[in-house]
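Subject: Structure for you to look at

Hello,

Here is the structure I said I would pass on. Please open it first, then read the notes below.

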Amino acid sequence: MTPDQYCQDKAAKSGSSFYYSFRFLPTLQRQAIIALYAFCREVDDTVDEIADTDIARTKLAWWREEIKRTFQGTASHPVGMALQTALQNFDLHEEYFMEIIDGMAMDLDQFSYSEFKHLALYCHRAASVVGLLSVEIFGYEDRKTLKYAENLGMALQLTNIIRDVREDAERGRIYLPQDELQRFNVSADDLLALKSSPELIELLKFQTARAKQYYQQALQLLPENDRYTQRTGLIMAAIYEATLDEIEKDDFQVMQHRVSLTPIRKLWIAWCTARREKRLHHKNTH
């Protein structure tokens, strides 16, 4: 199995919405973004699937060394090797990969966040930095596009947090800020006991409004001349916003079940968004 096949396999098996947005990219960009995504999956799985935190820490430390090797051209892991190819084609910064690992390491040390500004740092490392690397792969002309990527990363991560409240609580993690739990009279113990309540629903409505604000800011910041090159991010935004809409329609019953879109619906949203952006691009350039 080649390094690229390994990454492709990792991405396909995850069933993630990201995978659907990659299908509309040219070859070099697709190779690079799938390698980046596979890296994110590797470090994320290290934290989520290894119960012993010391082993998880050791493995993250190994990944830090592997990223150094990757940038020196001596990677040993299939993902590192695939990233080496990506580095030949795109200007990706080493410190961003280290920041993603920092974000994953936060999951080993922190099981809750006292206020939103602390959670925002986690979201930045876990998602916005991935957005900044993605923007380099997709290409841009206007530096405002970097701000768009940061805001979109925040929006996507906040959507994950809303969708995964139960899953995270089962792992003993609460990403909803403590001061906001108190403001809405939701106890951490109830969350960890997987209890739903009218108060929790109100809190999740508040979180959803915040996520939507980030989507809105992201789209407002994206310059017209970079829209088409950034269509993959717009596909992601469309799929995640549709997921958020489903959670709302379901009256935030996230403690009962995980809301997710079917693969065919994700593909349909991806296709419609790609088609719309192509039409817009054609109109603006002719």
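The sulfur of C40 lies 11 Å from the closest cysteine sulfur, that of C7, which is too far for a bond. A disulfide is a covalent bond between the sulfur atoms of two cysteines. The search counted a pair of cysteine sulfur atoms as a disulfide if they were within 2.5 Å. Over the whole structure, it found zero disulfides.

This is a predicted model, in which local features need pLDDT of at least 70 and side-chain atom pairs count only at pLDDT 80 or more, while totals for chains, interfaces and linings use all residues. Residues are numbered from 1 along each chain as its sequence is written, and side-chain values use heavy atoms, with hydrogens and water left out.

Next, accessibility. Buried means under 20% relative accessible area, exposed means over 50%, and partly exposed is in between (1.4 Å probe, protein chains only). C40 has a relative accessible area of 14% and is buried. C272, at 29%, is partly exposed.

Then there is the loop between α13 (231-249) and α14 (263-285), where D251 is found. Helices here are DSSP runs (H or I, at least four residues), as strands are (E, at least two), numbered from the N terminus. D251 is not a glycine, yet has a positive phi of about 55°. F252 is found in the loop between α13 and α14, and also has a positive phi of about 55° without being a glycine. Which of the classes does F252 fall into, buried or exposed? F252 is buried, with a relative accessible area of 3%. D251 has 39% relative accessibility and counts as partly exposed.

Regards
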